[in-house]
2 protein chains.
Amino acid sequence: MSGPKVQLLLTGNELMTGDIVDSNSAMMAQVLKDIGLSINRKVTVADDLALLVDEITYMANTSDILIINGGLGPTVDDLTAQALALSIGEELSQHPEALAHLTKWCQQRGTELNAPNLKQAILPHGCQIVANKNGSAVGFSVRFKECDIYCTPGVPHELKVMLKEQIIPVISTGLPQGLITDITRLQVFGIGESSLQKIINEKLPDWPEEIELGFRAGMPLLEVKLTIKNKQGLMLKSQWKEELINALGDHVIAEIHGKPKSLAEHVINQLQQNNLKITTAESCTGGLIASKLTEISGSSAVFEAGFVTYSNQMKTAMLDVPESILKQEGAVSEAVVIAMAKGSLTKSSADLTIAVSGIAGPNGGSNDKPVGTVWLAWGSMDNIKTQCLLLPYNRVQFQQFVAAIGLDLLRRYQNKLNTIPNYIVERAFPDK
Amino acid sequence: MSGPKVQLLLTGNELMTGDIVDSNSAMMAQVLKDIGLSINRKVTVADDLALLVDEITYMANTSDILIINGGLGPTVDDLTAQALALSIGEELSQHPEALAHLTKWCQQRGTELNAPNLKQAILPHGCQIVANKNGSAVGFSVRFKECDIYCTPGVPHELKVMLKEQIIPVISTGLPQGLITDITRLQVFGIGESSLQKIINEKLPDWPEEIELGFRAGMPLLEVKLTIKNKQGLMLKSQWKEELINALGDHVIAEIHGKPKSLAEHVINQLQQNNLKITTAESCTGGLIASKLTEISGSSAVFEAGFVTYSNQMKTAMLDVPESILKQEGAVSEAVVIAMAKGSLTKSSADLTIAVSGIAGPNGGSNDKPVGTVWLAWGSMDNIKTQCLLLPYNRVQFQQFVAAIGLDLLRRYQNKLNTIPNYIVERAFPDK
């Protein structure tokens, strides 16, 4: 059973110039999702009367619900009421209920009801008022050609309250019974989108079409989303979620409920539960791992110190890395990261550590150790593990990815996932 | 004189569900504005083939330039190539140039060119490839019915580089003559948008309307932009730029040419020029300042080590901060940051240092030292300066802002700006 078609029309010059990022539509999508509705199509135009009339006319003909956002203000560039009136072939007239709201609004603020304010009471004839508790501009709605059209304010706070308290209750009473939206989200690390798709194609060729699969590339985590929209899908859910988790193995970090946790948050939580303390010994990441850990509230209970030993000399001075090893093996070597790891545990009396040394580039590479090479050592004094990776990233991406891998290795270590993971390095990160 | 009509088509289920906020289109608007173009209309739809074909067909008929964003990935929900092929009536076929890019991309990463990857080389017959330096998905363009259509990746970082380096140069060569756009950008720190506006209103009340003033809030730097669109403005430019720089004083970091430098980059460049070495002693920022410095290529010549001393005990163990001072004054105090600064210079033999200790929250505050308090000490052994600030931010914002202030203080110190700046703290950062 499918729900009504919902479209969104956003208006405002500031949305077209890039001066602001539109967060209203994401919020509206979330609120509509709560009652099982999804937005089908979204159009954004500047404050231009002809454009607005065209869009409203087309959208009213192709949707069951049309939400118009913005253009309700007192200034000359606020054109929504006028555009809607033209689109539906009604006159504009002063609405008594809107006028009463404006009068009260101004009275409460001790201001005069001026001409720009009065404009906000001039609405398409026959429209219904939608109350705005938080602003001077009332919302209004009309039904035109089988489409319910709601005009809402652009101010996020006013919109949110109007939507939740006024519009959603009305829409939801009109919805067909049995509309289901069930979403499961998995957090995944160390594998890219195309490898993920390949694993699913190969291991789960019979993936049921009732469960829609989606991916979202994050920084550095990937999110896999299972969306179910009917009862058959719901019955299949737990089986296929399990199959998927098995197929992806220890690349799956967690199921996401609410806001996703960062890798550092997972690590800090594990440390708190295990009553362990951690330290860091960083060369190529230059303090990034320590800063990711200390970003987490409560980290002071499990993190006391980190060593940023960028030069060879300071690896010896701060962590007692023997000069002979640095000379023989070079700073980017297994022996050096082991010595850094042990030194950091000795100097800090932490239980666990992560040590990294690598070549972030763009300079400093050689044939033996090209730019992108990194050695990692992690674990406790009696159980240090190591891994070497070659990462095809630019300097900043390399540092970000090495920090993420370092944190993931600590997560795996504490989870007793003792295999050395095969990080599948596939694509650059999105910018933050 | 008016430029070509530009429309934007964004595709992606994640844009419709509210899971992410669309920041790409604001970025695109900014980049287009730099060559004097504005976006006329913007449509966003889910990954739905029929919808995409409808939109592309309509938009190609009503615009001169159509930029399609998203849907170039390797997974089944990436439909842009297919939709474009249907819209313009071309077959899909494997594009040799795209295949070469993918092959090279995978080779560089030591991964196999798999079937999902190969899908990214299946493009509308006859299209032109638009290079993607940072991702596996190439862009592509076609000319159809007097409209230039560009298909671009949804990953912000890939999109931005492709737009600036590949697409904008092509578009701008086709623009009508006489469209003047002269833009001057200033990098500003330590002052918010509304304080900036107030300073300009008060000190420069006669600001000429030929020079449009714009602000862009960054993280943590602010950008002030002077846009000129006619010859009168061009003649007024140098005078008013100078007036503005004078009015803003030492909050102005630099004029931006090309990619803006980060604060850390300014500091590293100064250190290189002055032949000085730097170290860091961080408590509340947990390694963030060190990581910002080492993000900069070439930092290894001027940065040897950083000390992340989160606990009191480790401040003493690593930096010789006297226990007595910690006990008497508390960790967040002028005496402690001075001792941290001196300790870091002694232990590292660096010339300059920055030391910070503060209460990032959400816990750990007191009446005397509420959450948001931070002490900073910086300078050389014989000239240590200090400052205390109270910053109204959440934990992560606090850490980011303290790191930025720390770097700015080092910039000012090296520039011999000896006044302690009055950081005007006004608004929370935009979310990342």
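This is a predicted model: local features need pLDDT of at least 70, side-chain atom pairs count only at pLDDT 80 or more; totals for chains, interfaces and linings use all residues.

P362(A) sits in the loop between β15 (352–358) and β16 (373–380) of chain A, where strands (E, at least two residues) and helices (H or I, at least four) are DSSP runs numbered from the N terminus. The peptide bond that leads from G361(A) to P362(A) is cis, with omega near 0°. In chain B, P362(B) lies in the loop between β15 (352–358) and β16 (373–380), and the bond joining G361(B) and P362(B) is cis, with omega about 5°.

Residues are numbered from 1 along each chain as its sequence is written, and chains are lettered from A and ligands numbered from 1 in the order in which they are written.

Now to the strands, where two strands pair if DSSP finds at least two bridges between them. Strand β2 (residues 39–45) of chain A pairs with strand β2 (residues 39–45) of chain B in the antiparallel sense, over five bridges, and there K42(A) stands opposite T44(B), while V45(A) stands opposite R41(B). Within chain A, β2(A) also runs parallel to strand β1 (residues 6–11), joined to it by six bridges, with L10(A) opposite T44(A).

Finally, E146(A), in the loop between β7 (139–144) and β8 (147–152) of chain A, has a positive phi of about 65° although it is not a glycine.
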